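Here is a friendly tour of some side-chain interactions, grouped by topic so that you can follow along in your viewer. Please have a look at the structure first.

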Amino acid sequence: MRYPFAEIEPKWRKFWEEKKVDRTNLNKSSNKLYSLVMFIYPSSAKLHIGHWYNYGPNDSWARYKKLKGYNVFEPIGYDAFGLPAENYAIKTGVHPYDSTIQNINDIRTQLKNMGCMYDWDAELMTCAPEYYKWNQWLFLQLYKKGLAYRKNAPVNWCPNDQTVLANEQVQSDGTCERCGTLVIQKNITQWFFKITDYAEELLQGLETINWPEKTKLMQRNWIGKSSGAEVSFKVNGSDEVIKVFTTRPDTLFGVTYVVLAPEHPLVDKLTADSFRSEVEKYRESVKLLTEIERTSTVKEKTGFPIGAYAINPVDSEKIPVWIADYVLFSYGTGAVMAVPGHDERDFEFAKKFVLPIKKVILKPGTNKEDELQSAYTEPGTMINSDQFNGLNSEEGITKVIDYLEKRGFGKGKINYRLRDWLISRQRYWGTPIPIIHCPKCGEVPVDEKDLPVELPYEVEFRPSGESPLESNKDFINVKCPKCNGDAKRDPDTMDTFVDSSWYYFRYLDPKINNHPFNKELTDKWTPVDMYVGGAEHATMHLLYARFIHKFFRDIGWANGDEPFMNLFHQGTITNQGTKMSKSKNNIVNPDDFTDKYGSDVFRLYLMFMGPYDLGGDWSDKGIAGTDRFVQRTYDLFMKFKGVAGGINIQRRYDLNSLNENEKKLYRKTNQTIKKFEEEIENFRFNTAIASLMELLNETKNINECSNEIRVYVLERFAVMLASVAPHLGEECWQLLGKEVSIFESPVWYDPDSVSLIEDKVSIAVQINGKLRSMIEMPVDADQETVKSAVFKDEKVLKYINGNKVVKEIFVKNKIYNVVVK
């Protein structure tokens, strides 16, 4: 009889729902385990295989933990704001709210059909006012602390999406990660969160969390800590000072020019009249370039002198001031000192524009008089550096900083590559920024009692270069809370990464309406114990969430330093070598397979495809094999239906009391438990499932076993199966005669450690190096005992066939090789 998944799977899902088996008692925090997947974006497409690959296996891990006795909390929700829904509205005319809610309803049904043990009482969606009200509250707390601020800045602008992009959302080729359009630079007044105040703590915290090393390295590099000095260069004939940051103050005597970012305010002040026209032309040309293009090491160097001169503080030499596109105003001080003798980029620039090159660090084994053919960037001996001559350059760094500090020319400083988080978006479908702009009072925060500032339904979606909210005059035009004069709301919405920076707190009580989250519960349940999601979020969501968590801690709302103690990245399922997407028309619909085989078969197949962290290219060629495993398993339990009724099973059996078939199956069962635990614990689902398949094969002689051993084996098989195929596991458990559901009353069986020690081994018998037979022998049997068995084996005798035995090679517990002539 075929496994009737179409009847059995809905039956168990209904049972779990009615009995509230998947609801977590959050008041019981002993042995708690908070298991979380990155929540889903409900775009115009429904769940695809990539979602299944993220959610199904992680649910199996959480189910395993529940069976092991943990009080598991596994919620799900919807990252519901964002560009795709708005772009869909522009394309089709369907309002983002309407399409999002419809998609959420469709996805909820799909998620439930997966059989995941999500606590549906904890479900949330970020586009609901009761959720985004607290995004606005968070904004106001940051604003009060000076950590949310507004400034005019050059930003990444996507002409297609008509919105600002964070640096993290611009791909390495300078295009928008969403639509692939070439990104340009544009000066706009924007809101920022001051994540840079937490740079050092974000670095140090990486040492305390169990995350993939590659992800931690990506965050370290993104934060980009550098130690060095801030040096002040006076401007000749002016009161202005150009400040630069350098990691190589030991090379100060080699500075031959200073470079300002084209957008640096000092350019307007210092440019000589005779240079102004050409300088402005150059500045205009730079506006067409993205930051990635400007900082590319392979791009041809461009620049222009502004007709001003700076004074080198260590030798009082006049050096020209240039502007060049590779210097960014938003990074460091927006100015650099150029040392062409000891910096590759400066060397190329100096060669192109015929600027002086000074050697001030001597490479070991070379002469002071040798001309530099390229920049020497390694440590060496300081030369042409006055009182510092002869010093090792690494020692010289400290000495030069002391010199600068004593004379007021500079100071030691730590710099970070990390930039503040730009959160303004000129789009509709997001959280409105709770600020009112008054001509008299300036920026006025919305009073907390007036939150949420609700997103209006009536807006004009067509991109115009300004925020769609501008089109709703009833929303935009308000009275100033301070002076009651005419004022306007801020027209921008927040980056959706704000929504996902704290959602794990909210899950624990999503209906609370007087606080952002239930602190009594979050103090007990956070940090998240296991977080699973894509590695592509390393320098965005995962960094922002760490920052916001630390901010919540600092204002008394969180009692720990980190949001996610353990992190696992699942691999990506591709189709014909490329990532699945609607635009590429290569999305595989999981419903096509669940309708044919059932959810458990599909879940098992995805996990059995290969290592979970690697993913792979989609193929359905092997799913029939997984289906056969399920059919054989169901047949086995049907054959022994009711076998557990009235039988008392021991937790362990004396091996000497068992016959050979029982002993073999008993050992294999316990070995499988041990193997299964080791593999699934570490997200190695493919090998965990393989161990169950091996155990199933070993049950071929289960008829030769007593009912006690049959029940012993089948109980344990069903329990392991329940984590990776939950509907089937529950059904098999019930078929045995069990009256209480596995997940209603979780159970797990530890392996019998005695049975893990083999008392017999299989020895390979070779004739002239070729395998001819396998014989089973007691562990550590000596050569004479094994030889006796070898020369009684009919397969061996057939190959010897009267030939002369010239040599015998014995490797204990492994090989017996007979060489014949």
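A search across the whole structure turns up 54 salt bridges. Please keep in mind that this is a predicted model. The points below walk through examples of each topic, and then turn to one histidine.

**Salt bridges across the chain**

- Arg-553 and Glu-201 form a salt bridge in which the closest N and O atoms are 2.4 Å apart. This pair links distant parts of the chain, with Arg-553 in helix H16 (residues 541-554) and Glu-201 in helix H6 (residues 199-205), 352 residues apart.
- Glu-201 counts as partly exposed because its relative accessibility is 28%.
- There is also a network of salt bridges to explore here: it links Glu-201, Arg-546, Lys-550, Arg-553, Asp-554, Asp-561 and Glu-562.
- Arg-652 and Asp-752 meet through their side chains in another salt bridge, at 3.8 Å from N to O. Here too, distant parts of the chain are linked, 100 residues apart: Arg-652 sits in the loop between helix H19 (623-639) and helix H20 (660-681), and Asp-752 in the loop between helix H23 (726-735) and strand S29 (760-767).
- Are Arg-652 and Asp-752 buried or partly exposed? Arg-652 is partly exposed, at 46% relative accessibility, whereas Asp-752 is buried, at 3%.

- Glu-280 pairs with Arg-283 in a salt bridge whose closest N and O atoms are 3.0 Å apart.
- Both Glu-280 and Arg-283 belong to helix H9 (residues 273-286), where they are three residues apart, about one turn of the helix.
- With a relative accessibility of 30%, Glu-280 counts as partly exposed, while Arg-283 counts as buried at 12%.

**Cysteines**

- Cys-480 is buried, since its relative accessibility is 2%.
- Cys-127 is buried as well, with a relative accessible area of 5%.

**Aromatic pairs**

- A pair of aromatic rings is described by the distance of the centres and the angle of the planes.
- Phe-349 and Phe-353 share helix H11, four residues apart, about one turn of the helix.
- Phe-349 is buried, with a relative accessible area of 0%, whereas Phe-353 is partly exposed, with 24%.

**Charges over rings**

- Arg-417 lies over the face of Trp-222, 4.6 Å from the ring centre.
- Arg-489 lies over the face of Phe-475, at 5.4 Å from the ring centre.

- His-342 is found in the loop between strand S13 (335-338) and helix H11 (344-353).
- Because its relative accessibility is 6%, His-342 counts as buried.
- Which backbone nitrogen lies 2.9 Å from a polar atom of the His-342 side chain? That nitrogen belongs to Val-360.
- Neighbours within four places in sequence aside, the residues in contact with His-342 are Thr-251, Lys-358, Lys-359, Val-360, Ile-361, Ala-375, Tyr-376 and Thr-377.

Definitions and conventions. Residues are numbered from 1 along each chain as its sequence is written. This is a predicted model: local features need pLDDT of at least 70, side-chain atom pairs count only at pLDDT 80 or more; totals for chains, interfaces and linings use all residues. Side-chain values use heavy atoms; hydrogens and water are left out. Helices (H or I, at least four residues) and strands (E, at least two) are DSSP runs, numbered from the N terminus. Buried means under 20% relative accessible area, exposed over 50%, partly exposed in between (1.4 Å probe, protein chains only). A polar contact is a pair of N or O atoms within 3.5 Å; within protein, one must be able to donate a hydrogen and the other to accept it, and residues adjacent in sequence count only if both atoms are side-chain atoms. Contact means heavy atoms within 4.5 Å. A salt bridge is a side-chain nitrogen of Lys or Arg within 4 Å of a carboxyl oxygen of Asp or Glu. A charge sits over a ring if NZ of Lys or CZ of Arg is within 6 Å of the ring centre and within 35 degrees of the ring normal.
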